[in-house]
Amino acid sequence: MLRIKRVPTMVSNYQKDSEEQQQVGCGRNCLRSCCLPGANLPLYTFKKVKNMMDEKMESPVPFLDSLLLGEWEDRVQRGLFRYDVTACETKVIPGQSGFIAQLNEGRHLKKRTTEFRVDKVLQPFDGSKFNFTKVGQEEVLFQFEETDGDEAQFFPSAPIDTDNSPSVVAINVSPIEYGHVLLIPRILECLPQSIDHKSLLLAIQMAAEAGNPYFRLGYNSLGAFATINHLHFQAYYLAVPFPIEKAATRKISILNNEVKVSELLNYPVRGLVFEGGNNMLALSDAVSDSCICLQDSNIPYNVLIADSGKRVFALPQCYAEKQALGEVNPELLDTQVNPAVWEISGHMVLKRKQDYEEASEENAWRLLAEVSLSEERFQEVKDLIFESIACGEDGCVTSTHSLDAELDAISSGADHSLVPGNQECLVQQ
C-alpha cells in the first residue's frame, strides 16, 4: 500500500452555488472587475530566465514546502474543497511499470462538466461559460510573477495589477492528489486553453522553483480531456516515480540549441521527450513550437513537465475521437476513466471500487494503448513537429530523426507489446 503524507480535509460549503456570501461586488469575492478594486493577494516573484538550467534558485521562502503546500493546507482548513481527497485509497499496482492507482469515487460526480466541443483543439474563449475569473479570491494561493531582481521574494499581500494581468496559482477544488493546484497564466486576459511560448515557459519556471522531482505540472488540450476552456496547467505532489518517467527512450534529434528530442519506447502511449538545451528558454521554445504545431493541426495532446522542469513529455492522443467513432471497447468506456495527462503518465484515477480492486498492469496498458496514435500516424505527427521546429529555428535541426538513431535508455522500461486492435487515429482538419 502506498503511504502518502496527508492532512484531513473538509468538504466545502463555499462551493455550493446557493450559498449566500456577504461580500462586496457580486458577492462572491471573485477575480472580475466587480470585486477586484482594492483587492490584494500574496505575491511570489522569481528571477528572470537567462541561463539557469543548472542553477539552484534560492528563495527566502521554500517555494514548495512552506509556500505552496502550506497555503494549500490553509485552504483545506477553510473548507474550500468539493470533497475529501485524503479519504481516497491509493496503491502501486504490482508489475514492472509501477502504475499508481487511486480510487476517487467523488471526483466525477462533483467536478464541473465540459462546456465546449471536444472535436476542436482551438476554440475561442467564452466568458459566459465557467472560467477562472469567477472563482473566489480565497481559492488563489498567490500571484506568480517574474522580477528584475537578483533573488526570489515573497510578499504576503500585494495589489492586483489589472493593467498587467497577473499569473496566479490557485487550488483545484476537485483535487486528484495532495497539493493539487492550478497555474493560470495572465488570468485576466481570459486566454483560451492553448499553449503559447510565454505560458509554457511560466509552467517550466514553476517546476524549477519547486525544485522537487515529485512535483510535476501537466497540461490537457481541448479534445484531450481539458474540461475548462481557460488557459491553465495542473500540478500536484506525489512522492513516487511515474511510469512514463522510467520508460526507455530513443534519441531522434539534437537541435542547434542543444535540446535533445527522444521518443518513448516500450510504453503504451507514443510520445516525444524534450530535455537539455542551452538554457531553460531553449527547452521551452522547442516544446512550445511542438505544442503550437499540434494544436494548429487539430491534434489533441497532453504535456507533462517533470524533473523540476528539465524534462518535458509531449503526448498526442486520440482517445476522445475513437470514443466518438465507437472504436473504444465498451468495457473501457464503462470505467468512465478519461485518460488525461496524469493517467497517461501512469497515475490512474479510477472511479469505481471494482476497477480499483481489480487494477492490474495489464488493464492499465489496455486502456492507454487506446489513447496512443498508431505508429504510422505518430510518424506523420513527428514529421509535422520537426518541420515546425525547423521553421521556428531557421532550419537548425542538426541530426535526422531516424528510428535507427542511438538508444538512450533512461531506465530499463517494461517489455510489453501493445494490445492488438485498431490503433488508427484520424486528425480532423
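Trainee: How much accessible surface does the protein chain have, and what share of it belongs to carbon and sulfur atoms? After that, could you look closely at helix 3?

Mentor: The accessible surface of the protein chain is about 17,700 Å², and 47% of it belongs to carbon and sulfur atoms, with areas taken from the Shrake-Rupley method with a 1.4 Å probe and, for residues, only the protein chains shown counted as cover. This is a predicted model, in which local features need pLDDT of at least 70 and side-chain atom pairs count only at pLDDT 80 or more, while totals for chains, interfaces and linings use all residues. Residues are numbered from 1 along each chain as its sequence is written, and side-chain values use heavy atoms, with hydrogens and water left out.

The protein chain has eleven helices and 16 strands, where helices (H or I, at least four residues) and strands (E, at least two) are DSSP runs numbered from the N terminus. Of its 429 residues, 58% are buried, a term that stands for under 20% relative accessible area, with exposed over 50% and partly exposed in between (1.4 Å probe, protein chains only).

Helix 3 covers residues 197-210, and its 14 residues reach 20 Å from the first C-alpha to the last, close to the 20 Å expected at 1.5 Å a residue; the expected span is 1.5 Å times one less than the number of residues. At the start of helix 3, a side-chain oxygen of D196 comes to within 3.2 Å of the backbone nitrogen of K198. That is a polar contact, a pair of N or O atoms within 3.5 Å in which, within protein, one must be able to donate a hydrogen and the other to accept it, and residues adjacent in sequence count only if both atoms are side-chain atoms. Just after helix 3, G211 takes a positive phi of about 65°.

Elsewhere in the chain, R216 lies over the face of F242, at 3.8 Å from the ring centre, and the charged end of K91 sits over the ring of Y356, 4.4 Å from its centre; such a placement needs NZ of Lys or CZ of Arg within 6 Å of the ring centre and within 35 degrees of the ring normal.
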